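Today I went through the model strand by strand, beginning with the sheet and then turning to the chain as a whole.

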Amino acid sequence: MTKKIILHRYHTPHGVAGNLVLGSFGSQLCLCDWDNGSGTSSSEKRIEHALKAEFVQGVSSVIENTVQQLDEYFARKRKTFNVPLYLVGTEFQKKVWMSLAGIPYGRTISYADEAAMLNIPKAVRAVANANGANPVSIILPCHRVIGRNGSLTGYGGGLDTKQFLIELEAGNT
C-alpha cells in the first residue's frame with residue numbers, strides 16, 4: 001500500500017496574501033506552504049521524498065482543522081495554532097522551526113535574535129536558511145523574523161505577503 005500525503009489548496013480571505021498548499025500525513029499537518037503557481041515547491045519535494053509518499057488531492061480532518069484556524073487567524077481571532085505537526089527536516093531545522101512558535105503574535109525578531117535564543121549566536125546564516133525551509137508557514141511563524149536592521153528579508157510567500165502578515169498582526173490592515 002502506498003503512503004499518501006493529502007493536499008488541499010487554501011485560498012486566503014480576499015486573496016490578500018495568496019494561496020497556501022496544505023498537506024496532511026496521517027493525522028498530522030506536514031505542509032502549509034505558499035503556492036507560487038510554478039508547480040511543486042521545494043518543501044513538497046523534500047516531504048514527498050522523505051516520507052516515500054505520493055500526493056493526492058483531498059481533505060482530511062487535520063486539514064479541515066487547519067483551514068478553520070487559518071480563517072480565524074486572518075480574521076484576527078486567533079494568535080496561536082494548535083495543529084498537530086509532522087515536521088520533515090533535519091534535527092537542526094526542527095529545532096529552529098519550533099523556536100518560531102515562541103515569537104509572540106504581533107512581534108518581530110531578527111535572525112540574530114533567533115540564533116541567540118537557540119544559544120547558537122554565531123549560526124545566524126544557518127538559522128536563516130532553516131527558516132527558509134520551514135514547511136509550515138504561518139503555523140510556525142517565520143514571517144516574524146526580519147533582518148537585524150528591520151528590513152524584510154526572504155519569505156516563501158514573497159516580501160509583500162510577509163509585510164501583509166506583519167501588518168495584519170499589528171492591526172494595521
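I counted two strands as paired if DSSP finds at least two bridges between them, and I took helices (H or I, at least four residues) and strands (E, at least two) as DSSP runs, numbered from the N terminus.

Before reading anything off, I noted that this is a predicted model, in which local features need pLDDT of at least 70, side-chain atom pairs count only at pLDDT 80 or more, and totals for chains, interfaces and linings use all residues. Residues are numbered from 1 along each chain as its sequence is written, and side-chain values use heavy atoms, with hydrogens and water left out.

**Entry: the sheet.** I looked up the strand order and found an open sheet of four strands, β3-β2-β1-β4, with mixed pairing. β3 (28-34) and β4 (53-57) are the edge strands, and each has a single partner strand, so one side of each is left without a neighbour in the sheet. On average, neighbouring strands here are turned by 30 degrees against each other, direction ignored; for this, axes are lines fitted to C-alpha atoms, for helices over the stretch in contact, and angles run from 0 to 180 degrees between N-to-C directions.

**Entry: the pairings.** I then followed the bridges from strand to strand. β2 (residues 19-25) is antiparallel to β3, with six bridges between them; within this pair I located F25 opposite Q28 of β3, and L20 with W34 of β3 as its bridge partner. The two strands form a hairpin with two residues between them, and G26 in the turn has a positive phi of about 65 degrees. β2 also pairs with β1 in the antiparallel sense, again over six bridges, and there H8 faces L22 of β2.

**Entry: cover.** I asked how many residues of β2 are buried. Six of its seven residues are, where buried means under 20% relative accessible area, exposed over 50%, and partly exposed in between (1.4 Å probe, protein chains only). Over the chain, 45% of the 173 residues count as buried.

**Entry: the whole chain.** I listed six helices and six strands, which run β-β-β-α-β-α-α-β-α-α-β-α from the N terminus on. The C-alpha atoms fill a box of roughly 50 × 35 × 30 Å along the principal axes. Taking contact as heavy atoms within 4.5 Å, I noted that among contacts between residues at least 6 apart in sequence, 59% join residues at least 24 apart.

**Entry: confidence.** Last, I checked pLDDT, the predictor's confidence in each residue, from 0 to 100. The chain has a mean of 90, and 94% of its residues reach 70 or more.
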